[in-house]
Amino acid sequence: MQITKQNWLATIINFAVTLFFLSIFIVKGGYNAAPALLMLVGLGYSVYALIKKPLLNLSKVDKWLIYSYLFYFFTFVLSLSINGGKMRDLDTASRVIFLIPVFLLLLKRPIKTCVLSYSIPLSGVIAVCIALYDKFILNLNPDQNPRIMHIQGGDISMSLGIFSLIIALYAHHKKDVKLTTLSVIGGLCGIVGSLLSTARGGWVALPVLLVVILYIYRQSLSKRFFLTFFGIIVIASIGISQMPNNRIMERIDVAQKDIQLYLDNHDGNTSLGARFEMWKSALEMAKEKPLFGWGIQGATEKRKLDTKEKIATGNIGQFTHAHNQYLDDLSKRGIVGLLALLAVLFIPLRAFMKKLNNTNDEIKLIATLGVAHILSVMIYGLSQGFLVHNSGTIFYFFLTIVFYAAIRTHQKAES
């Protein structure tokens, strides 16, 4: 009877993880379904585990990860108490708390490596198919995406592409031709899906993450592989630059012009110019209220005031966040909020990095996925409030515990 129960729970967990990856782009809010399912199961399990305390058996790192999630949510509550605002300001952050029972559940039931290694590349394929359908069938501009905000979608698509390339390296090392082929296709599809979104944050992350990934797997790759890989990159770059009606080169050209206009005329009416003005405004807010910040509503009103009084050029008052995750948290929740953000980034990052040299190929794969996941979100956060959006919060925090728990259950299986 006990074995049946364990198999039933393991099946639900692995089904939910698969569902998460495959449903991100298909329906609006599709990324919520799997975490919600696991949350319901996890709440029941957590109550049972608290009664039977030996069931928890948490490691020091497990506890630190939970503490970081609690601290992150607490800073939102503290800011609301000090600065005022609306209860809905806690909506996005509350999802982090609800993921803790999911974390406890995942620590006890293994996530199969094959679930990650097949569902991730397939999700990359789905991402580009949806992007192509929106562009060529529905004739929608990227910012008209009906399912997910296009910048968030572009960044997530890039992450799926990067994850798929990591799986391709793992499969290549294992001499699994079918998985290697699928993962390369999924990787290219995820990257193309991001390019079609015209979200530039993912484009910045791509070269950085490629260097990191290749460095991690350098000992298992031949010189021929590196020469071939960089040859493909050069040819692809030249090909993209020469394409007619090229939105990618157009976006790069626009970025260069935006920067030049800002440097020459302090023009805050362009995409990048507005970002520069928001960053400047956020830093000024931090100087005035450094410890606990202005709160979500307070920071928004301050940007509107800066626009009205011509302190900032351009209409930065129309935005609800600073388009930089670090400065946004600093302006809204002060130094306390920034520390909480850094905690939820660096505590799991350190845990993943410690496993990169593991001799178990599966553990090394998942650790690499975890490192790439956190580094990519850190890069996205430089020009976008990735965690301000529900999609970004769920994607980051849920996948962090999925990858971390997968490593822990693999270690338990080994011992």
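## Salt bridges, rings and a core

At 63% relative accessibility, Lys287 counts as exposed (buried means under 20% relative accessible area, exposed over 50%, partly exposed in between, with a 1.4 Å probe and protein chains only). Welcome to a predicted model, where local features need pLDDT of at least 70, side-chain atom pairs count only at pLDDT 80 or more, and totals for chains, interfaces and linings use all residues. Residues are numbered from 1 along each chain as its sequence is written, and side-chain values use heavy atoms, with hydrogens and water left out.

**Salt bridges**

- Side chains of opposite charge can pair when their charged atoms come close.
- The count comes to 11 salt bridges, each being a side-chain nitrogen of Lys or Arg within 4 Å of a carboxyl oxygen of Asp or Glu.
- Lys287 forms one of them with Glu284, and their closest N and O atoms are 3.5 Å apart.
- Lys287 and Glu284 are three residues apart in helix α11 (residues 271–288), so about one helical turn separates them; helices (H or I, at least four residues) are DSSP runs, numbered from the N terminus.
- Glu284 is partly exposed, with a relative accessible area of 37%.
- An α-helix has 3.6 residues a turn, so residues three or four places apart point the same way.
- In another salt bridge, Asp328 meets Lys332 at 3.0 Å, N to O.
- Asp328 and Lys332 are four residues apart in helix α13, so they too are separated by about one helical turn.
- Asp328 counts as buried at 1% relative accessibility, and Lys332 is buried with a relative accessible area of 4%.
- Arg333 and Asp329 join their side chains at 3.3 Å, N to O, and both residues are buried.

**Helix α3**

- This helix covers residues 60–83, has 24 residues and reaches 34 Å from its first C-alpha to its last, close to the 34 Å expected (the expected span is 1.5 Å times one less than the number of residues).
- Its buried residues include Asp62, Leu65, Tyr69 and Phe76.
- The buried residues of α3 pack against α4 (91–106), α12 (295–308), α13 (325–353) and α15 (390–414).
- Gly84 follows α3 and has a positive phi, near 80°.

**Aromatic rings**

- There are 15 aromatic pairs in the structure; rings of Phe, Tyr and Trp (its six-membered ring) pair if their centres lie within 6.5 Å, and planes under 30 degrees apart count as stacked, over 60 as edge-to-face and the rest as tilted.
- Tyr69 and Phe397 form an edge-to-face pair, 5.0 Å centre to centre with 90° between the planes.
- This pair links distant parts of the chain, with Tyr69 in helix α3 and Phe397 in helix α15, 328 residues apart.
- Both Tyr69 and Phe397 are buried.
- Phe20, Phe21, Tyr380, Phe386, Phe395 and Phe398 form one aromatic cluster.

**The nonpolar core**

- A nonpolar core is a set of buried Ala, Val, Leu, Ile, Met, Phe, Trp, Tyr and Cys residues joined through side-chain atoms within 4.5 Å.
- Among the 100 residues of the largest one, Phe20 and Phe398 touch the most other members.
- Helix α15 gives this core its largest share, 13 residues.
- Apart from it lies another core, of five residues, including Ala282 and Leu330.

How values were computed. Helices (H or I, at least four residues) and strands (E, at least two) are DSSP runs, numbered from the N terminus. Contact means heavy atoms within 4.5 Å.
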